[in-house]
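User: Hi! Could you walk me through this model? I'd like to hear about the strands, a helix and the charged pairs.

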Amino acid sequence: MMDFEGIYNTYLNNKLHGRYITNEDIEPILIDLKTDFEIGTVGTSVMGKPIYSIKAGSGKIKVFLWSQMHGNESTTTKAVFDFLNFLKSDNEVAFTFREHFTYYILPIVNPDGAALYTRPNANEVDLNRDSVGLTQPESKVLRQAFEEFKPDFAYNMHDQRTIFGLGENGDVKPATVSFLAPSYNEEREINEPRQTAINVIAAMNNTLQQFIPGQVGRFDDGFNINCIGDMFMSQGVPTILFEAGHYPNDYLREKTRKFIFFAILSGFYAIYENVIAINKSEEYFRIPQNRVIFFDMMYKNVKINYENKEIITNFASHYKEVLIDKSVIFEAFVKEIGELDDFYGHIEYDCEGELFYNSDGSNLLKSEQKADFMIGKNREFVNGIEKK
């Protein structure tokens, strides 16, 4: 097996870190990459920011790859630059990839959303619902790049929320990496391009199971022509959706970044070795489908005041990601109150029937209040986490 850990540790791009990745972060790296690759600007955003392109390799198989069409989904961008760091090296596999593939990469399709740390662009349009209307300049740039490059593969890179998990009956894990071979029609049929994407995903999943067993998921394949992946698949191009998700205690997504890198590397190697010629539909559909089953924190067996009665119940909190001075701050708010059967917390606390207190001494618990509170007289929780 390829030494994925060793390769990653050698070629990790240390200039990128955390959740807030913008044009300002990648521009110095792009200058360095000009020595090895073709760097360009393919258009501008609503607010006039450049949308950059990277062309690498000289092989016959053409791969079109884009990231951060949702501005606050930066994990795959980091992994793409790790891959480029590897690709420019004298590693034997990197040399093989450069000879076998031509890569065309748009590393941040939505630079305004990246700067604002928002999913949509500056016009508050979700670019992944604009593949038909093409109402936004960023959507037009992406489509034009696709049509001019005429790729053999399309890689659609995203992040997913911490709410998604896998497993049943208490044996659950977060969906750290998820994939989808999008449908090309309403009937969700499998034609040759979709079969090819399925086979690549199966190869990537096979690798990831060695590192994060039970933490690879599959998205629902309902057809929506307004989504860019479905549109490109309908055009006959094998398209793969990547979703970088949660790994325990990894809210900066540095661990997940590594597993996205492993997936990229193993997928291209499978294409190079042509193992994707084998039908892997059965393996692909065995990948469990994502379910919404997680909160960030869950508090069990807590006594609260409800309609002037004291009851024992559960409640859960989620983080909201807030941009402050170019840093993403995680602020915890109460999300749900109740039995919450079949839901789990990435962190769980047993409150052992102790009484809930707000900072003003009241026992009234409300959804959307900040998660700063006491359980009993001795357990203090700040921003959702128990102080030790």
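**Strands, a helix and charged pairs**

Analyst: Happy to: V382 has I385 as its bridge partner in β19. This is a predicted model, where local features need pLDDT of at least 70, side-chain atom pairs count only at pLDDT 80 or more, and totals for chains, interfaces and linings use all residues. Residues are numbered from 1 along each chain as its sequence is written, and side-chain values use heavy atoms, leaving out hydrogens and water.

User: Which sense do β18 and β19 pair in, and over how many bridges?

Analyst: β18 (residues 379–382) and β19 pair in the antiparallel sense, over two bridges. Strands are DSSP runs of E with at least two residues, and helices are runs of H or I with at least four, numbered from the N terminus. Two strands count as paired if DSSP finds at least two bridges between them.

User: What is the order of the strands in that open sheet?

Analyst: The order is β16-β17-β18-β19, with antiparallel pairing. β16 (356–357) and β19 (385–386) stand at the edges with a single partner strand each, so one side of each has no neighbour in the sheet.

User: Switching to helix α1: which residues are buried there?

Analyst: In α1 (residues 4–11), F4, I7, Y8 and Y11 are buried. Buried means under 20% relative accessible area, exposed means over 50%, and partly exposed is in between (1.4 Å probe, protein chains only).

User: Why do they count as being on the same side of α1?

Analyst: Because those residues cover an arc of only 100° around the axis, where the arc is that of the directions from the helix axis to the C-beta atoms. N9 and T10, on the other side of α1, are exposed.

User: Nice. Which residue forms a salt bridge with E5?

Analyst: K258 does, and the closest N and O atoms are 3.2 Å apart. The pair links distant parts of the chain, with E5 in α1 and K258 in helix α9 (residues 254–273), 253 residues apart. A salt bridge here is a side-chain nitrogen of Lys or Arg within 4 Å of a carboxyl oxygen of Asp or Glu.

User: Is K258 buried or exposed?

Analyst: K258 counts as buried, because its relative accessibility is 13%. E5, at 29%, counts as partly exposed.

User: And how many salt bridges does the structure hold?

Analyst: It holds 23 salt bridges. One of them joins R119 to D126, with the closest N and O atoms 3.0 Å apart. There is also a network of salt bridges linking K78, D82, E254 and R257.
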